[in-house]
Amino acid sequence: MADAEGEFVEYVSARLPSLHRTAFLMCGDAHLADDVVQQTITALYVNWRRVSRVDNVDAYVHRMLVHKLVDEKRLSWAKVRLLGSMPEPRRPPVQPDDELVERDSVVSALAHLPRGQRTVLVLRFLCDLSLADTAAAMGCSEGNVKSQTARALVAVRQVLAVSEMSGRSTR
């Protein structure tokens, strides 16, 4: 028992930053990403003995993460909201030469995508999952992953082109 618990702690400690980044890029909300990762880790702990025996633990955990995010989105209507809308977080102005400009523009472009397209891009290109692993994590066909990826890349390119054009016009 202690050995399995140690393996669990070691696995989660090594993967936690990646899980947070993946969840954030899939949902676009840092607080929701924290909640989803916590729910995933809790479910993983409960099922660790079984999960640790699968061939690809990372793919299994990514699938759990996707399912927890879908559950969270599906059940969000039942949650109590204290404010009519969430206030926008205050961000310091980004300088044109700032290294974060590119990252922010990609995160912003991802935020414009529907959930399925955003999830496909995050799993395929950030998590470096194969086509088959992405399809398994999302519970859909490989053809669906291909079409979602193609549509998502077109949409991201359009958003980035528009933001680049508006950036040039203000200089």
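Visitor: How many aromatic pairs does a search of the whole structure find?

Guide: This is a predicted model, in which local features need pLDDT of at least 70, side-chain atom pairs count only at pLDDT 80 or more, and totals for chains, interfaces and linings use all residues. Residues are numbered from 1 along each chain as its sequence is written, and side-chain values use heavy atoms, with hydrogens and water left out. Rings of Phe, Tyr and Trp (its six-membered ring) pair if their centres lie within 6.5 Å, and planes under 30 degrees apart count as stacked, over 60 as edge-to-face and the rest as tilted. On that basis, the number of aromatic pairs found in the whole structure is three.

Visitor: Which kind of aromatic pair do phenylalanine 8 and tyrosine 45 form?

Guide: Phenylalanine 8 lies in helix 1 (residues 2-27) and tyrosine 45 in helix 2, so the pair ties together parts that are 37 residues apart in sequence; helices here are DSSP runs (H or I, at least four residues), numbered from the N terminus. With 5.1 Å centre to centre and 70 degrees between the planes, the pair is edge-to-face.

Visitor: Is phenylalanine 8 buried or exposed?

Guide: Buried means under 20% relative accessible area, exposed over 50%, and partly exposed in between, computed with a 1.4 Å probe on protein chains only. Because the relative accessible area of phenylalanine 8 is 9%, this residue is buried.

Visitor: Which residues form one aromatic cluster?

Guide: Phenylalanine 8 also forms an edge-to-face pair with tryptophan 48, at 5.6 Å centre to centre and 70 degrees between the planes. The residues of the one aromatic cluster are Phe8, Tyr11, Tyr45 and Trp48.

Conventions:
Helices (H or I, at least four residues) and strands (E, at least two) are DSSP runs, numbered from the N terminus.
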